[in-house]
Amino acid sequence: MQFHKYDVLIVGAGGAGMRAAIEAGQRARTAVLTKLYPTRSHTGAAQGGMCAALANVEEDNWEWHTFDTVKGGDYLTDQDAAEIMAKEAIDAVLDLERMGLPFNRTEDGTIDQRRFGGHTRDHGKAAVRRACYAADRTGHMILQTLYQNCVKHGIEFFNEFYVLDIVLSDTEDGQVATGAIAYELATGEIHVFQAKSIVFATGGFGKVFKTTSNAHTLTGDGMGIYYRKGLPLEDMEFYQFHPTGLAGLGILLTEGARGEGAILRNKDGERFMERYAPTIKDLAPRDIVARSMVLEVLEGRGAGPDADYVYLDCTHLGAEVLESKLPDITEFARTYLGIDPVTEPVPVYPTAHYAMGGIPTTVRGEALRDNDAVIPGLYAAGEVACVSVHGSNRLGTNSLLDINVFGKRAGIAAAEYANSVGHVELPDEPAAMVQGMVETLRSAEGGERVVEIRTELQRTMDINAAVYRTEDTLKQALHDVQALKERYGRVAVMDKGKRYNTDLLEAVELGFLLDLAECLVNAALARKESRGGHAREDYPDRDDTNFMRHSMSYKVLPGGSTGPDPDAPLGLTGFLSDIRLDYKPVVFTRYEPMERKY
Amino acid sequence: MTSTAAVLDNTANTASEIPAPDGSVTVTVKIQRFNPEVDSEPHWESYDVPALPTDRVLNLLINIKGYVDGTLSFRRSCAHGICGSDAMQINGMNRLACKVLVKDLLAKKGKPTTITVAPIKGLPVMKDLYVDMEPFFEAFRAVKPFLISYGNEPSRERIQSPADRERFDDTTKCILCACCTTSCPVYWADGSYFGPAAIVNAHRFIFDSRDEGAEERLDILNDTEGVWRCRTTFNCTDACPRGIQVTKAIQEVKRALLFKRV
Ligand SMILES: Cc1cc2nc3c(=O)[nH]c(=O)nc-3n(C[C@H](O)[C@H](O)[C@H](O)COP(=O)(O)OP(=O)(O)OC[C@H]3O[C@@H](n4cnc5c(N)ncnc54)[C@H](O)[C@@H]3O)c2cc1C
Ligand code: SF4
Ligand code: SF4
Ligand code: FES
């Protein structure tokens, strides 16, 4: 076991983690722990853009952006946070430009902007050009630019270090965060990192689903670690399905394609979004477009041999627009489906894409232990966090924005806090839980396989907890997930070695996925209404009287303990235990909830 | 320490437990294995696995790992060619395993298909397809891969015309996968050469109209480990999964050095 001491730890090196590191690294002694090389993070997959009311190509302002974000989130968005994000968006884009990000340019040489779903002029009058972009690799450019600036500032990285636990110490003033426990992939060694503050930026958990735009590595580790400490996860039932995944594969085709004029059509060639969102049509927010696509298929207007997808028609855009503004997605369709978007419509279907929920935080990125109280020293930013700026449905481009605005805020807050306090002592044997889990897994002889449990989890989640849900499907999903958790207790890994043992780590990641799937389904069962990314066939309307509030899921730990439990699978305390659901009020400032029409 | 015993070359592991969907065919995947914890040197192992023509080679590796031999180790993340994790030699060529489809590797006329997979060359092999990426990233960091500017920061964005932006577009696409550098004969012969990926990333800034660090970078590249080592064999260009004109970029850097002008 190795021991390290820093002021600030950042866990995760995607957009949120590196944006935080650039701030913290210039203020305090900072280390970034990341299970992937920074440039492998899934922020690099983001395509379409990052919104900011720069008004470079047409009239726009941050108040319109705030309104769109609130309405897009079906009024579950915390309005104070949305306002901060929309205001600070402008500086966030300019910061990136100064760091060197090569945005596409207008003829005048300013940053070019394009349309995106749900972003409108003057409170819904028409689509507005608000998304700053770099072809269809905006996320790639953000990730590269942030990494380049980390190199410039000499930020210290621990690459291929998997953080598997956080350390909390009890003090007279309550619990404070004091460190993180990491597993070094190359050697199998456990490392204890002591710090004064810790920023979680571990991204999403799309791998609970089979059809997803998310990377294999997006297994929700940060949320899982947090939750296992008995700390809450907010709004877990709200998972976004992006309308245009390549059918059957889930690989994403950016909404920027529709921003450039591409059209969704059913098997009859009809532009069906005209029926569902007469004003902004194909550029309605994702929840509405995804639901509409599923309805088209359910009502028999799906295309293809099994009538199970619709088409994204880009043929009228012309080769020039596709090659210059959407080159990567053009190539994805060619490579993976053998279809050329220049001449043929592309088969698409909703794909699991983005977690609106996660670790509840304040607008300074401080992690919350309940509805109000923070855990001193603990911060979260990016997809792992829930501020909540996205409410029940995130607008396209608002995540790249979120990771920059709140990554920066969390980095600054974590460093300032670290500079104001001393190191707090670690508890005895801080790594005991992780050591126990790893050793149990390495020596386990049970008959269950990671790949089989994972496949079954993803299958039931795709069938029972995707775009449309009912009491019955969710109960089925909950039943399945709990049965899989039981089986997880008998999981065995084949690789018993220490070096690069990804077999073992996949088993650990699966444990997080199971926990998070259970949270998602459990919160979805309790929310008997339809709102944003959560559509209940049996409760088709939004119910503001009972459900205008955030859900908070807590793991009920036996006797309140968080130490290792010799009787639980892999020594994971309360792995099979219940979830306690609580609720948290939504923050309103200037917008009254209205019916959502586009 | 225990580990699955190595099954040598010609006796293929049968993978009856991998689910075989309709339309799948059996292909043999022959993988160079090496675990320094138990092996004294690398060896080949073969696996007969069901594969759909539309499968990515990465899917086959994931299935082998999941169902047949969990000790098989390789990097992967995005699974669609944008994170740069899974560079490996596939049938002798540097490719991303998630961007090569089985249909493009099937033998003609229903003959049996063998797909060989080995780690990229020129970086130390740590285990199976895992290579040590540190030397690669070190070369990248050495060329100052970040925008350098002097004087006051502008309050708005810097102005850059679409034509100026276009000038370095190609080299902004790099995902640092190392396919190019580890296909370069000069790099194999002498690891102190920066390698094409580092030069591509220097190019990305040298030809960016907003950057003022061209001279510092060109000085670095003019060094004995620098661009002059390149013998213009185009391996790197052929290997790049992003379609970057790597050799052309290197030529442009050479020209900038010769004529002191970007
Ligand atoms: C295909 C695709 C396209 C998208 N397009 C857009 C778009 O156009 N606009 C937009 O706004 N949003 C878009 N999004 C959403 C957006 O890209 C993501 O939500 C955002 O990039 C998440 O960033 P992050 O920094 O929170 O996480 P990530 O970039 O996923 O980074 C997570 C980091 O955490 C690390 N990590 C995870 N677990 C551990 C652990 N246990 N220990 C140590 N490190 C760990 C990983 O190594 C990684 O570095 C898109 C998403 C996808 C999938
Ligand atoms: S062109 Fe130059 S850099 Fe590229 S492979 Fe050949 S020698 Fe190496
Ligand atoms: S230039 Fe191409 S091959 Fe080389 S590292 Fe970049 S993306 Fe990979
Ligand atoms: S897994 Fe990301 S490039 Fe292949």
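**Ligand surroundings and local features of the model**

Ligand 1 is surrounded by 39 residues, and the closest are S41(A), T43(A), E383(A), S399(A) and L400(A). A residue belongs to this shell if one of its heavy atoms lies within 4 Å of the ligand. This is a predicted model, so to speak: local features need pLDDT of at least 70, side-chain atom pairs count only at pLDDT 80 or more, and totals for chains, interfaces and linings use all residues. Residues are numbered from 1 along each chain as its sequence is written, chains are lettered from A and ligands numbered from 1 in the order in which they are written, and side-chain values use heavy atoms, with hydrogens and water left out.

What is the make-up of the shell around ligand 1? Its residues split into 16 nonpolar, 19 polar and 4 charged. Here Ala, Val, Leu, Ile, Met, Phe, Trp, Tyr, Cys and Pro count as nonpolar, Asp, Glu, Lys and Arg as charged, and the others, Gly among them, as polar.

Nitrogen atoms of ligand 1 take part in polar contacts (pairs of N or O atoms within 3.5 Å; within protein, one must be able to donate a hydrogen and the other to accept it, and residues adjacent in sequence count only if both atoms are side-chain atoms). On the backbone side, a polar atom of K35(A) sits 3.0 Å from a ligand nitrogen, and an N or O atom of V163(A) is at 2.8 Å. The side chain of D221(A) also brings an N or O atom to 2.8 Å from a nitrogen of ligand 1. On its own, ligand 1 has 1000 Å² of accessible area, and the protein covers 98% of that; such areas come from the Shrake-Rupley method with a 1.4 Å probe, and for residues only the protein chains shown count as cover.

As for chain elements, α11(A) gives the most to this shell, with 4 residues. Helices (H or I, at least four residues) and strands (E, at least two) are DSSP runs, numbered from the N terminus.

Strand β3 (residues 30–34) of chain A holds T30(A). With a relative accessible area of 7%, T30(A) is buried (under 20%; exposed is over 50% and partly exposed in between, with a 1.4 Å probe and protein chains only). Its side chain reaches two backbone oxygens: that of A28(A) at 2.9 Å and that of A24(A) at 3.2 Å.

Over to chain B, 13 residues surround ligand 3, with C174(B), C177(B), A178(B), C180(B) and C240(B) the closest. This shell has 12 nonpolar residues, no polar ones and 1 charged.
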